[in-house]
Amino acid sequence: MTQTAENKQQVRFLEVDADQAGQRVDNFLRTALKGVPKSLIYRILRKGEIRVNKKRVKPDTRLQTGDLVRIPPLRTAERGESAPVGQGLAEHLADSILYESDSLLIINKPAGLAVHGGSGVTLGLIEALRQLRPDCRFLELVHRLDRDTSGCILVAKKRSMLRHLHAALREHQVQKIYHALVVGRWSARCTRVDAPLKRFELKSGERIVRVHPEGKASVTGFRVLRRYGDLATLIEARPRTGRTHQIRVHTQFAGHPIVGDPKYTPDEDNNRFRQLGIRRLLLHAARLELKLPDGAPLRIDAPLDAATAAALEQLAATPKPE
């Protein structure tokens, strides 16, 4: 019989380290077996092909430090595999590292790059990082940014850091500060929008978020940073809650949608700013403030990309209507 690369795969044994201890075995396998369908993982668990210390286990079995996990030969699904990382993206991500330790990576994510693959996206930030860092046993997103939003994003390199930051996010101990360019003249007196948000699905299948009395409580703080006459305003946004599209919908609700937003900003506004050189959703995760597990404070600032910064300076020089 002809041997293929899949035939040649062999039984593997993975030893559980202290950082992985306490996990359910199914969650351990989903992290260890990237590219293997979840349904296959549960099937081999049911069939007893996964052994821990030579014993059959159930999906909810908790692992301990030093446990030896037997993994049978598996084929990964070719469909949906991540595209290879091009040299240009690899270099860009290398230049976009804002902070790195043995347990945490903070990236200045470029606009237009999804944080993970799926829904027609073959390569996201996390898949690219896993390709570029094959020696990292653990790389997981701590939170998410919309595809067209740029700026600070946290990636845990250890499960202990992921747990720490998830707890900090739940307890509102991570400060996220965004910069956004909005249409028109934002009033300095508008420092807070408190409006509940609810998700809807349109007949076309598009998902959209709207202010709705039956929505979830949502609060964002705002501050004016710079004015461009009556044409636009650069504002700071501090979300107090973490709802989908929160800043985008709250600015729209305030009467000043974000420049370049294809979902919540009128086409005529986006077209006008496109002619002025701004061709993207201008929402940027500019700063993160948090505490590390040892209590040390960490503040990270992410600069705007050069092209967007230049477009803003050009906007400042644009003659304003009398």
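This is a predicted model: local features need pLDDT of at least 70, side-chain atom pairs count only at pLDDT 80 or more; totals for chains, interfaces and linings use all residues.
1. Arg207 counts as exposed because its relative accessibility is 62%, and the cut-off for exposed is over 50%.

2. Now to helix α1, residues 25–32. Which of its residues are buried? They are Val25, Asp26, Phe28, Leu29 and Thr31. The cover over these buried residues comes from several elements, including β1 (12–15), α2 (38–46) and β2 (51–52). Also among them are β4 (68–71), β7 (140–141) and α5 (159–170). As a reminder when you look at the helix, an α-helix has 3.6 residues a turn, so residues three or four places apart point the same way.

3. Asp26 deserves a look of its own. What does Asp26 pair with? Its salt-bridge partner is Arg24, with the closest N and O atoms 2.7 Å apart. Arg24 itself is partly exposed, at 28% relative accessibility. In general, side chains of opposite charge can pair when their charged atoms come close.

4. Another pair to check is Glu100 with Arg133, a salt bridge whose closest N and O atoms are 2.6 Å apart. Glu100 belongs to strand β5 (97–100) and Arg133 to the loop between α4 (125–132) and β7, so the bridge ties together parts that are 33 residues apart in sequence. Both ends are partly exposed: Glu100 has a relative accessible area of 36%, and Arg133 has 23%.

5. How many salt bridges does the whole structure hold? The search finds 21. Some of the charged residues link up into a network, made of Arg287, Glu289, Arg299 and Asp301. Within it, Glu289 bridges to Arg287, with the closest N and O atoms 3.7 Å apart. Glu289 is partly exposed, at 24% relative accessibility.

6. Last, a word on Pro297, which lies in strand β16 (residues 297–301). Is Pro297 buried or exposed? Exposed, because its relative accessibility is 69%. Leaving aside residues up to four places away in sequence, Pro297 touches Leu290 and Lys291.

Technical notes: Residues are numbered from 1 along each chain as its sequence is written. Side-chain values use heavy atoms; hydrogens and water are left out. Buried means under 20% relative accessible area, exposed over 50%, partly exposed in between (1.4 Å probe, protein chains only). Helices (H or I, at least four residues) and strands (E, at least two) are DSSP runs, numbered from the N terminus. Contact means heavy atoms within 4.5 Å. A salt bridge is a side-chain nitrogen of Lys or Arg within 4 Å of a carboxyl oxygen of Asp or Glu.
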